[in-house]
Amino acid sequence: MEMDQLGESLLELIRLTACDLPPDVERVLAAARDVELGRARSTLDWMLKNVAEARKMSLPICQDTGTLIFYVEHGPDWLPAEFEKTAKLAVSEATSRSFLRPNAVDPISGKNSGNNLGPGSPYFHFSQHEQVGKLKVRLMLKGGGSENCGTQYALPDNDLGAGRDLDGVKRCILDAAFKAQGFGCAPGTLGVGIGGDRMTSFLESKEQLFRSLDDLNPDPLLAELEAEMKAKVNQLQIGPMGFGGLTTVLGVKIGTRYRLPASYFVSVSYMCWAYRRRSLLIADGQASYE
Ligand code: SF4
């Protein structure tokens, strides 16, 4: 198979994303390991050793290499259709080189396409800016076990005693974290979308997961809410892989979208410890990775 320079850069982006962790995630996992004891500590230690080996050998850090989610910010000189074609070639090649597990299954026939390609796979989100020669591609690989823990609430929710206010939002986040125990390969990170419609609320929650664990929400109220909910979820003491401990989540990231008066959605997307996201930047023909 022949690929142009963009294809080679995308192949490298996929390899880096599948076979390593972003520096902020690795740093936070290591800091969590250092304050844990017993089984929680050794679980985090094995995760970090696993990542170090995977990085050395260019092997996926987890057998489930997840759903491919591409966010593409491009100038007028890049055509989305051309980009998509090149990215699909790179995905197919990455699968044949075992950076990715064949993960795309027809929901009706149950047949696996074998190359991670099929309707809706990968997922592409395009946005255009005015700068010629500049391209930014963010890629997230979202594992199935963690994706299954995602959930959406339509407030009011009588079972949770959650009304259409901040207290109701907090109850939803705690409920989602509690129900994820035993399923999401903790420690996780919660992306939360408040407002929007059913679709955009979930989109917001997923987009929050592209943020760095170290960043501070520019909205002071949301920054406070993120810190409060991270502390409260960690008080559940579910711990790494559910073995108990101080680290149930590495972070909580929250965004909002305007809603209709008649609707109040809270969407929670759960990302597992294998928090795989990377960016490719192309400027003046030079590729770099973050
Ligand atoms: S939830 Fe994450 S860590 Fe667990 S099996 Fe899936 S991808 Fe791997």
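From which domains does the shell around the ligand draw at least three residues each? The shell around the ligand draws at least three residues from each of domain 1 (5-17 + 61-143 + 276-289) and domain 2 (145-271), where the bounds come from an automatic or database domain assignment. The structure is a predicted model, in which local features need pLDDT of at least 70 and side-chain atom pairs count only at pLDDT 80 or more, while totals for chains, interfaces and linings use all residues. Residues are numbered from 1 along each chain as its sequence is written.

**Overall form**

- The protein has 8 helices and 9 strands, where helices (H or I, at least four residues) and strands (E, at least two) are DSSP runs numbered from the N terminus.
- With 290 residues, a compact globule would have a radius of gyration near 19 Å, and the protein agrees with this because its own value is 19 Å; the radius is taken over C-alpha atoms, and the globule rule is 2.2 Å times the number of residues to the power 0.38.
- Along its principal axes, the C-alpha trace of the protein spans about 55 × 50 × 45 Å.

**The ligand shell**

- The residues around the ligand are Cys 62, Asp 64, Gly 66, Gly 143, Gly 144, Gly 145, Ser 146, Gly 184, Cys 185, Cys 272, Trp 273 and Ala 274, a residue being near a molecule if its C-beta atom, placed from the backbone, lies within 6 Å of it.
- Sorted by class, this shell has 5 nonpolar, 6 polar and 1 charged residues; Ala, Val, Leu, Ile, Met, Phe, Trp, Tyr, Cys and Pro count as nonpolar, Asp, Glu, Lys and Arg as charged, and the others, Gly among them, as polar.

- The C-alpha centres of domain 1 and domain 2 lie 26 Å apart, and the contact between them takes 8 residues from domain 1 and 6 residues from domain 2, with two residues in contact if their C-beta atoms, placed from the backbone, lie within 7 Å.
- On the side of domain 1 that touches domain 2, the elements that give two or more residues are strand E1 (67-74) and strand E3 (134-142), and the largest share, 3 residues, comes from E3.
- The residues of that side of domain 1 divide into 2 nonpolar, 2 polar and 4 charged.

**The sheet of five strands**

- An open sheet with mixed pairing is formed by 5 strands in the order E2-E1-E3-E8-E9, where two strands pair if DSSP finds at least two bridges between them.
- Strand E2 (123-128) and E9 stand at the edges with a single partner strand each, so one side of each is left without a neighbour in the sheet.
- Neighbouring strands of this sheet are turned by 15° against each other on average, direction ignored; axes are lines fitted to C-alpha atoms, for helices over the stretch in contact, and angles run from 0 to 180 degrees between N-to-C directions.
- Helix H1 (residues 5-18) packs on this sheet, touching E3, E8 and E9, and its direction makes about 155° with that of E8, whereas helix H4 (residues 80-96) lies across E1 and E2 and runs at about 145° to E1.
- Strand E8 (residues 276-283) and strand E9 (residues 286-289) pair in the antiparallel sense over 4 bridges, and Leu 281 has Ser 288 in E9 as its bridge partner.
- E8 and E9 form a hairpin with 2 residues between them, and Asp 284 in the turn has a positive phi of about 50°.

**The sheet of four strands**

- A second open sheet, with mixed pairing, is formed by 4 strands in the order E4-E7-E5-E6.
- Strand E4 (151-154) and strand E6 (249-257) stand at its edges with a single partner strand each, so one side of each is left without a neighbour in the sheet.
- Strand E5 (residues 188-195) and strand E7 (residues 265-271) run antiparallel and are joined by 6 bridges, and Leu 190 stands opposite Tyr 270 in E7.
- Helix H7 (residues 198-208) packs on the sheet, touching E4, E5, E6 and E7, and its direction makes about 145° with that of E5.

**Backbone details in the loops**

- A cis peptide bond, with omega about 5°, joins Leu 155 and Pro 156, and Pro 156 has its place in the loop between E4 and helix H6 (166-180).
- A cis peptide bond with omega about 5° also joins Ala 186 and Pro 187, and Pro 187 lies in the loop between H6 and E5.
- Ser 58 has a positive phi of about 55° although it is not a glycine, and its place is in the loop between helix H3 (38-57) and E1.
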